[in-house]
Amino acid sequence: MRPETELDLVRRLRRLVLDKSTTYLDDLWLIPVDHYTDAARGQRELTDLLRREPVVAARSSELSSVGTHLAVTVLGIRMLLVRQADGSVKAMANACRHRGAQLVEDGGCGVSKTFACPYHGWRYEQDGRLARVPHHFDSFVPIEKRVWGLVEYPAAERHGFVWVVATPGTEPFDVEERLGELDAELEAHQLGEWRLVRHEVFDEPMNWKVVADGILDPYHPEFVHPETVGPYINNNVYVFDAFSPTAARLVMSKRSIASADPDKVNSNPSKYLFPNYLLLPNTFLVFQSRHFEVWTIEPHPSGDPQRSLIHIRILTGPDMFASEEEHDAYVEENWARFMKVGYTEDWGVARRVQKGVDSHAFTDTIVGRNEAAVHFLHSFIGARLGDGEDGLRLLGDGTAPSDMSV
Ligand code: FES
Ligand SMILES: [Fe+2]
């Protein structure tokens, strides 16, 4: 984070704390409950939104040298990421063009010059070109090898992440442009240099947006985390800055900010600040002292709208640890903290949100004027899907819920 950004955030948050204020939307909004429970809605979010946007698929360091490959599943799509001779990364379908067999098993990684299909031995080059078809001449003419390579997905690297769009044939994309001014801020963190030290995937019984809403919520810590982080955080106080339709920064503060010197740059911006970077549609970077917690949230591959897969990656900062032992102890301690605060406390309540909305006792949930980041996410989704009247809408005068007025 640049020093001027840190000073600006400390000043704004300190002012809000002293004024007992926060960042407000102009209006209250309603989110249809169906958006969290309906299978057709979930399918549309997956195919028309999430699989059409660049999303995080891996860390660049997982594909260190030419020919390194990694078999990943992104938004339910199995892909092979391969480091090319020119240094770029290609994302290709992990499926043979003949009868469709998977080339590399889920999670498989390694270095190889070619990929041979285990079924009938078709062989592909590192860049996906079809190189060999056994019995080509007698059985597969007029199949031309040059046009039957592996299906390719758009891919790019930025800030040490491999980004892909999980729909073949879609346009190339530019992460820098999508991030707007946030790109320079992530650059200032040297995010590309941070090291991936842990990656776990959780299968959880709540819609992917319930999880996202939770991480975008500055209104809950005092209630959900009364014995962990709650006592250190200024509840319901935050600043929110959008840099583009898909990039924003939500920052909360520590209680100690009230006595901070608003003109002093600190050696670590996390002395007073809890920044959370939104990389929509589904990735959130939570900055914490010497690590980033990276959340990438996906709808469940089963199609059940009431389940999701949550990738949690831990990245540790460069040159921040005196020894590997200190580093490893720090990672262990912070993973245990995540399991308590995130897995047990945040997701404990998220699981209950899902049970509550699934009762369909009412048609909408409410977004308060103090929930700007939640509004940002849902209005982005609505705009991309062309929701109109079926989406997020103004509460109106709020005197009575519309579904109670019969
Ligand atoms: S399915 Fe791959 S060679 Fe037949
Ligand atoms: Fe929380």
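1. Helix H7 (residues 208-215) is mostly covered, with 8 of its 8 residues buried. Buried means that 20 or more other C-beta atoms lie within 10 Å of the residue's own; exposed means 12 or fewer, and partly exposed is in between, with C-beta atoms placed from the backbone. The buried residues of H7 include Trp208, Lys209 and Asp213. Helices (H or I, at least four residues) and strands (E, at least two) are DSSP runs numbered from the N terminus.

2. This is a predicted model: local features need pLDDT of at least 70, side-chain atom pairs count only at pLDDT 80 or more, and totals for chains, interfaces and linings use all residues. Residues are numbered from 1 along each chain as its sequence is written, and chains are lettered from A and ligands numbered from 1 in the order in which they are written.

3. His327 sits in helix H9 (residues 324-357). His327 is partly exposed because 18 other C-beta atoms lie within 10 Å. Leaving out residues up to four places away in sequence, His327 touches Thr316 and Phe321. Contact requires C-beta atoms, placed from the backbone, within 7 Å. His327 and Thr316 are 8.3 Å apart, C-alpha to C-alpha, and 11 residues apart in sequence.

4. The protein splits into domain 1 (3-52 + 176-390) and domain 2 (55-172); the bounds come from an automatic or database domain assignment. Their centres, taken over C-alpha atoms, are 32 Å apart.

5. Across the domain boundary, 18 residues of domain 1 contact 14 residues of domain 2. On the domain 1 side, strand E13 (195-204) and strand E18 (291-299) are the elements giving two or more residues.

Methods: Two residues are in contact if their C-beta atoms, placed from the backbone, lie within 7 Å.
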